[in-house]
Every structure is written in C-alpha cells, then in structure tokens.
Amino acid sequence: MKAAAIICAGGSGRRFGGDQAKQYRMLGERPVLAHTLGVFCAAPAVDQIIVVVPVADLDFVREKIVSFYGLNRIAAVVAGGERRQDSVYNGLQAVSRPCDFVIVHDGVRPLVTEAMIGRVLEAASTTGAACAGVRATDTIKKASADGRVEQTLPREALWLVQTPQAFSFDLLCRAHEQAARDDYTGTDDASLVEHAGGIVTMVEGAAFNIKITTPEDLAMAARRMTSERGDSRPIRAGFGYDSHRLVENRKLILGGVDIPFSRGLAGHSDADALVHAIGDALLGAAALGDIGRHFPDTDPAYANADSLVLLSRIKTLLDGAGLVVSHVDATVILEKPKLAPHADAMRANLARTLGIAVSRISIKAKTNEGMGFVGRGEGIAVFASATVAERITHGL
Ligand code: MG
C-alpha cells in the first residue's frame, strides 16, 4: 500500500493580518509549516510528501523551510491555485505512481500526530474516504445573515471537520475532475468526494489539532507544544576565557568583590577576569561576538568600568535575542589568594546582575601547581561556561 501526503499551504494568510502568511510564522524554534511537515516526514506510513504553496513562495519554501530544516523526505514543492481545491488538484498532479492512497492536510495544523494520520489511512483503506474531526460539544444553531436563528441542529449528528483526510487516490482524482466539470467549490476534499457520490467516514481527530488562524491560535499551539512535546526550549552552551596580569597598585576585583591582596589585575576596565570570562561565555551561547566587540578597550567610556555593569548590558543583549540565562559555571586559576571565603559574595553579585538564582551560579578555584604564568604568580586565568535557553516565541 503506497500513500502520498499533500500538505496544503497555499493560503496568503489574509485573515491573520500582518505581512507574513501564517504558515511561515514562528512557533517555538521553527515555522508552523516546518512543524507540520516534520510530523509527516516522521510517519513511516507516508511514502511521498508534496507541499503546495503560493507560486511566489516556491523558492522561499524550498530553501528556507525544506532545506533549512532538513526536511529531506519532501518529494516536491509545487505552486497552488486560486481556490483550496485548485491547490490540492495541483498537488495530485505531482504524485508519482503507483499510489494507492492520498492524505490531504492543512499546512497550518502543526499539532497533527502520526496516530491521527494512521487512523484516517486505516479507515480510508476500508471505506475509500475518511476525514478527521471532533464531535460537536457546543449546541450549533443555523442563523440568517442578520443573526436570527432559523434552526437548532441536532448536536448528536454534528462533527467539526479537520484534516488529515485520506482517500483512495483514484477516488480523489475522480472527485476533483467531477467538481471541475460541475463548477462545484467545496471547503474541504471530503465535500468533493460527497459531491461525486462517494462515502466518507468520520474518524476521531483531536480538539488540540487546531488550524492556526489567529495570533491566539499560535499562542495556544506554542503552549501545547511546550507541555506535550517539551521541545520548544532548545538549550545553547557558550564558552569563555580571560586572563589578566597581576600588578602592583591595582585592586583585585573578581566577581565584583574587592578582594584584599598585595596586587591586583591590570586592565582598561576594573579587569574583573571572572566577569569577563562569564560575559564571553554568555555572548558565545548567543552567537553575539565577544566582549571586545561590544565594549572595546580603546573606548574611554570603559576606563575603570565596573565589569558587572558590562555584564548587565550583556544580559540585555541576550534578552533582546530571546535568550534566558540558565546556568553559569566558572573556574578561576590562580596561586594566591584563596578565593573560597569570597565565593558566596561573588555568586550573589553575579546572580543579581543576571537576574537568576544563586543556585544557578557556580564558581570554583584552582592553583596551577606552580606551572606557567599562573604558577609564577604573573597573572590569573578564568574559564567559564554558560547555558542559555531560547525563550518560547509566538512569532508575533
Ligand atoms: Mg578581560
């Protein structure tokens, strides 16, 4: 049994408002359409996937959705038509034979599951046509254009129709040809099959299988993905390093703490190597360059600058990039003095500056066993790592 899927994303998103069609809005870390295609790419029952998009979007979808997100099971990206059924018809022309069944699905229903695809395919294999939907739970009334109720429909018999819908390939081709001959327009493919005299079976979809039509739908889908799939907050890790020379007549400031010692760190700012290494780790996780680029040591504005102020600016840059600091870990390498008595004060400074709990900041210290520039007491080196999480965005 060979099954093709036609993912219909031909809409220009007029109902959504704004410039961007709703199938390309970001939902978590990927566009809505990429989520939908990802579910079909992972479904073993589907042998070929055809995406139908507006003709003006063909290159964009091929490059920025299919290639960019590694959706390598997509067989073809084809141009849609005027009406939804014209788009599906174009998709049908691109199906390579032999093909026994075809599944039609809305590109803007990203919460479809492999189980739903399996249910419509199974029902279609016995009856020829099957349609996912949910039973009406609200009472449904038919009203005139001015809002006057004409009829209360019997709720027990009513379904709210969704996609996926599955059909025998030959049956759906015949239904589309019949609709073209009769100049019949349907809002879904099942209605074309009904018009052609075919039998359609309803199978359970899911209430969460929403069609993204409004910004509220997008927000709801994002919440659902976070709670059900847990995949909307990718973690990024960054790494940072800094070293400064120990000299006479300078304060030793590490983690914003003024540590009593005979020498201090040389540098343009307060030379807080610990904060610099952490700042570079955070910028690294955000792929936003390094401290030198944002706060050049040739700029007099940063002479003797409090490095914690620079760190708070870095935090602002991360906020702007939609990133949340998750954890920081640093190792300071120095022969003297002992840092342990100051570690809690440093952690408190860093936690306050980054707006996270002290339990998410780790500071460790080591000597270099007398080796190298650190071992000779010429300077201090710091290694730091940081993890940041992408904030869930709704593309709004
Ligand atoms: Mg530095």
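Glycine 372 is partly exposed, with a relative accessible area of 34%; buried denotes under 20% relative accessible area, exposed over 50%, and partly exposed the range in between (1.4 Å probe, protein chains only). This glycine belongs to helix α12, residues 372-375. Helices (H or I, at least four residues) and strands (E, at least two) are DSSP runs, numbered from the N terminus. Between the C-alpha atoms of glycine 372 and isoleucine 199, which are 173 residues apart along the chain, the separation is 82 Å.

The model is predicted: local features need pLDDT of at least 70 and side-chain atom pairs count only at pLDDT 80 or more, while totals for chains, interfaces and linings use all residues. Residues are numbered from 1 along each chain as its sequence is written, and side-chain values use heavy atoms, with hydrogens and water left out.

**Metal site**

The magnesium ion has as its protein donors Asp242 (OD), His244 (NE2) and His276 (ND1), which lie 2.1 to 2.2 Å from the ion. Donors are N, O and S atoms within 2.8 Å of the metal (3.2 Å for Na, K and Ca); water is not among the atoms, so sites may look incomplete. The sequence spacing of the donor residues is D-x1-H-x31-H. Distant parts of the chain are linked by aspartate 242, in strand β12 (residues 235-247), and histidine 276, in helix α8 (residues 273-285), which are 34 residues apart. Aspartate 242 and histidine 276 are both buried.

Isoleucine 380, located in strand β18 (residues 379-390), touches two of these surroundings' named residues, Asp242 and His244. Its other contacts include Ser243, Leu246, Val332, Phe373 and Val374, with residues up to four places away in sequence not counted; contact means heavy atoms within 4.5 Å. Isoleucine 380 counts as buried because its relative accessibility is 0%.

**Helix packing**

Helix α8, which carries histidine 276, also packs with helix α11 (residues 343-354): the axes come within 12 Å and cross at roughly 40°. Axes are lines fitted to C-alpha atoms, for helices over the stretch in contact, and angles run from 0 to 180 degrees between N-to-C directions. The crossing of α8 and α11 is right-handed; a crossing is left-handed if the near helix is turned anticlockwise from the far one by less than a right angle, and right-handed if clockwise. On the α8 side the contact involves Leu274, Val275, Ile278 and Leu282, and on the α11 side Met346, Leu350 and Leu354. This contact comprises seven nonpolar, no polar and no charged residues. Here Ala, Val, Leu, Ile, Met, Phe, Trp, Tyr, Cys and Pro count as nonpolar, Asp, Glu, Lys and Arg as charged, and the others, Gly among them, as polar.

Helix α3 (residues 84-93) packs against helix α5 (residues 169-182) at about 135°, with the axes 11 Å apart. This angle makes α3 oblique to α5; angles under 35 degrees count as roughly parallel, over 145 as roughly antiparallel, 65 to 115 as roughly perpendicular and the rest as oblique. The two helices, α3 and α5, cross in a left-handed sense. Gln85, Val88, Tyr89 and Leu92 of α3 make the contact with Phe169, Leu172, Cys173, His176 and Ala179 of α5.

Helix α1 (residues 32-41) is largely enclosed by the rest of the structure, because 10 of its 10 residues are buried. Among them are Val32, His35, Thr36, Phe40 and Cys41.

**Backbone geometry**

| Item | Feature | Value |
|---|---|---|
| Threonine 163 to proline 164 | cis peptide bond | omega about 15° |
| Lysine 336 to proline 337 | cis peptide bond | omega near -10° |
| Alanine 271 | positive phi, not a glycine | phi about 60° |
| Alanine 287 | positive phi, not a glycine | phi near 50° |

Proline 164 is part of strand β10 (residues 159-168), whereas proline 337 occupies the loop between β16 (323-333) and α11. Alanine 271 sits in the loop between β15 (264-265) and α8 and counts as buried at 0% relative accessibility. Alanine 287 lies in the loop between α8 and α9 (291-294) and, with 65% relative accessibility, counts as exposed.
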